[in-house]
Amino acid sequence: MHPTALIAPFVRWTSRSSIAAAFLLLGGGVALGILGTYSSAREFVLVRDHGLEGIVAAWFIVAFSLALFGTVVHLARRPRPLDPKWFLVALIAGGAIAHVILVAIVKPVWGSDYRLYWEYAQRLVEQGEYGGLTRPYYSRSLFVPYPIVRIFGPDAIFMLKLANVGVMACIQLAGYDLMRRIRGHQVAQAGSLLFLAAPIPAFTMMIPSHDLWGLLFVSAALWTATFSYDAAKRTGPAGLTVAILAAVATGALTYLAQVQRGTGLLLCAALLLTAALAFAGSRMEQAPWWRTVRSRHLAMAALFALVYCASSIADEHIKLRSDDRPKLMNIKFAANASGMGNGKSDWAARFSKRFSSGHGTPERAEDLFHSLALSSWALAPRDSGARVAKYSERLFSLTYTRDWDWLLRKPAGLSKGAREAMLFYADVYGFLFGLALLISILKTAATWRLPHPTVTASIIFVVAVALPLVLIFENKPYNVFPIWLVGALLTASQLRPVVQANTSQWWRNPAIGGSIFIALIVLLAPLAIRAIFEESNGRLLSDWTLRSKNIDVPDGWLNRMLSARPEAFDRTPLENAGMKELYLRNAPEDGARIQKYAPQNYARLEFPAPPTGNSTISLETEACIAATGRNQLEFFLYSPSISGNTDDQDFQLQVLVDNRVSEDIDIPLQGKDFRRFVVTKGLADNSCHKVAFRLRATATGNREVPFVEIWLPRLIH
């Protein structure tokens with residue numbers, strides 16, 4: 001018996017169940033996204049505001065979309081494809097003409113980061129000779145806007161749009177041949193039509209879109225990877241040479257995708273992981289492992305990763321990426337990882353205004369990010385899970401979300417009715433696309449036959465892109481842009497019938513194993529984080545006990561304080577802190593959202609009634625410090641001014657360590673109502689301490705009932 005014969009079935013089941021788990025994770029996101037898309041579509045603004053004309057337009061859009069999807073099904077299931085040459089001519093030429101008309105007629109106002117990319121390109125040209133990037137997002141302007149400005153000048157807006165049309169044509173060509181190599185011309189024609197008709201990719205051609213430019217490198221890398229896999233199947237030196245050259249190109253393209261959009265590392269990792277899982281899932285006992293096709297694929301994927309790493313090292317001298325990026329990214333991660341965020345960049349600005357003090361280096365910002373991210377799952381796993389589900393619904397809404405109006409923002413010369421018709425088409429198409437993709441995902445996950453490695457890698461890649469977006473980062477739907485090409489590929493592939501492997505035993509179905517893996521992660525990960533990630537590792541202080549003196553405290557007052565709606569992010573204190581109007585537009589939502597999804601990040605300390613002299617109320621907990629060097633206590637304090645008593649400080653917030661006062665803070669704060677404090681006294685390594693925050697009245701006859709909010713209390717180095 002072959003040595004691997006005993007464990008081979010279990011290894012194959014585990015590897016294929018892992019692949020199925022990736023498909024099911026994406027399926028869950030798409031299912032939630034369908035609900036989000038429906039929520040947008042059911043508003044029926046087109047019908048509500050335009051009467052009979054709107055009803056006719058809406059029915060026409062629905063009929064057109066259904067007819068289009070019917071055509072896709074017909075193309076995928078034809079016994080013979082349409083003439084590939086003429087189809088490609090019609091696809092590229094027809095698509096280019098339609099796209100040129102679109103970008104010429106619809107002229108949205110550029111805003112947000114999209115406008116900045118164009119301005120960054122102008123600044124790069126003004127600098128003269130290229131000497132490396134000095135700002136985090138300059139790399140997003142490097143490959144398309146920069147050459148346009150350099151060749152045609154700073155006003156060549158239409159030339160940029162034409163360049164976008166050219167980029168889209170290249171993506172369509174790469175996508176067609178990619179699908180042809182995987183499942184044949186019928187699938188390629190069906191998938192190409194699905195992608196061509198998608199409204200969101202078409203809308204991005206009207207603006208400086210880093211999502212569109214990033215997809216160019218992603219699609220090219222997937223194509224060269226597939227080319228490398230195909231060449232590796234051949235015997236002889238010629239096939240090996242071609243496979244190696246294509247693998248080198250894939251590694252270089254993945255690094256360019258990393259420079260342009262920050263997704264190249266994830267794509268390279270997805271390709272390598274897919275090859276490893278496919279290799280583990282193959283029947284190694286039937287032939288020497290080094291002669292199997294899966295082993296050759298794994299070798300090519302390892303070469304992808306090697307070239308990516310070499311490109312990254314070479315960039316230390318070329319400097320296609322800025323050294324300032326890590327700090328910015330860690331602050332954004334911290335802003336959203338704790339559950340406080342709304343997944344939008346304006347929230348990151350408000351968070352940074354409050355909490356960037358003392359975290360000016362990439363290392364300190366990263367430490368804050370780790371503390372908040374892990375604390376959210378250790379202390380409030382249910383709230384974190386609900387937040388992830390809400391974010392997923394928004395991220396996978398395959399339509400034009402109304403709360404991020406930048407692609408079709410105030411288009412000059414376009415009537416309101418025409419704009420609403422375009423948005424309604426995005427709703428209808430996105431709903432149908434999501435539904436078709438969900439069915440395809442579930443069908444693929446449930447089959448014992450391994451999908452093509454490029455298909456699997458594409459799905460794992462989209463999941464790898466989506467997970468950080470719903471866990472720790474901004475989650476606008478455009479951030480998961482590759483799903484349009486990957487979804488078209490998978491949907492068209494499943495529309496064409498294929499002989500399935502026999503899986504009569506239900507328990508051998510990979511989807512069952514994938515579901516078990518996901519369930520175990522969801523149930524056990526928070527418990528493991530809670531057990532491993534302690535206060536001495538940076539977990540936020542919690543498990544508060546209420547103490548009071550010289551004042552009656554009603555039952556339930558502790559829960560009322562800990563669950564109270566926070567006020568530190570209300571509009572008035574943020575305006576007083578100097579925030580710009582641009583960053584305040586969503587500020588009214590912050591308090592309720594933080595109260596719902598991130599109660600572990602703050603604690604309110606408030607007297608239940610007007611106090612007398614020496615009245616105190618305190619929150620107390622235990623903090624054990626291991627030999628990690630975290631022997632300082634950091635927290636942020638919000639203390640609003642007391643009306644009519646702005647000059648007198650009749651209260652103190654005391655920080656006690658083992659019943660000894662380590663810090664006295666006069667309340668209300670003078671000058672700033674939000675400040676960072678670090679307590680350095682009384683905390684020692686390898687010991688446990690009682691830490692307390694005590695609010696004390698220092699004068700008699702107080703009529704006001706003050707409160708303070710203690711934010712992010714944790715041990716730091």
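Trp-484 is buried, with a relative accessible area of 3%; buried here denotes under 20% relative accessible area, computed with a 1.4 Å probe on protein chains only. The model is predicted, so local features need pLDDT of at least 70 and side-chain atom pairs count only at pLDDT 80 or more, while totals for chains, interfaces and linings use all residues. Residues are numbered from 1 along each chain as its sequence is written, and side-chain values use heavy atoms, leaving out hydrogens and water.

A search of the whole structure finds 34 aromatic pairs, a pair being two rings of Phe, Tyr or Trp (its six-membered ring) with centres within 6.5 Å; planes under 30 degrees apart count as stacked, over 60 as edge-to-face and the rest as tilted. One of these pairs joins Phe-433 and Trp-484 in a tilted arrangement, 4.9 Å centre to centre with 45° between the planes. This pair links distant parts of the chain, 51 residues apart: Phe-433 belongs to helix α17 (residues 416-445) and Trp-484 to helix α19 (residues 483-495). Helices (H or I, at least four residues) and strands (E, at least two) are DSSP runs, numbered from the N terminus. Phe-433 counts as buried, at 1% relative accessibility.

The rings of Phe-635 and Phe-693 have centres 5.0 Å apart and planes at 80°, so their pair is edge-to-face. Here strand β4 (residues 632-638) supplies Phe-635 and strand β8 (residues 687-697) supplies Phe-693, 58 residues apart.

Trp-484 also has a place in the largest nonpolar core, a set of 169 residues in which Tyr-429, Ile-483, Trp-484 and Trp-711 touch the most other members. Such a core consists of buried Ala, Val, Leu, Ile, Met, Phe, Trp, Tyr and Cys residues joined through side-chain atoms within 4.5 Å. Helix α17 gives the most to this core, with 13 residues. A second, separate core of 33 residues includes Leu-541 and Ala-697.

Helix α23 (residues 590-597) has Asp-590, Gly-591, Arg-593, Ile-594 and Tyr-597 buried. Seen down the axis of α23, these buried residues fall within an arc of 165°, taken from the directions from the axis to the C-beta atoms, so they line one face of the helix. They pack against α14 (345-355), α16 (381-395), β2 (602-606) and β9 (707-716).

The charged end of Arg-593 sits over the ring of Trp-347, 5.2 Å from its centre; the criterion is CZ of Arg or NZ of Lys within 6 Å of the ring centre and within 35 degrees of the ring normal. Trp-347 is part of one aromatic cluster, whose members include Phe-355, Phe-569 and Trp-711.

Note on methods: Buried means under 20% relative accessible area, exposed over 50%, partly exposed in between (1.4 Å probe, protein chains only). Contact means heavy atoms within 4.5 Å.
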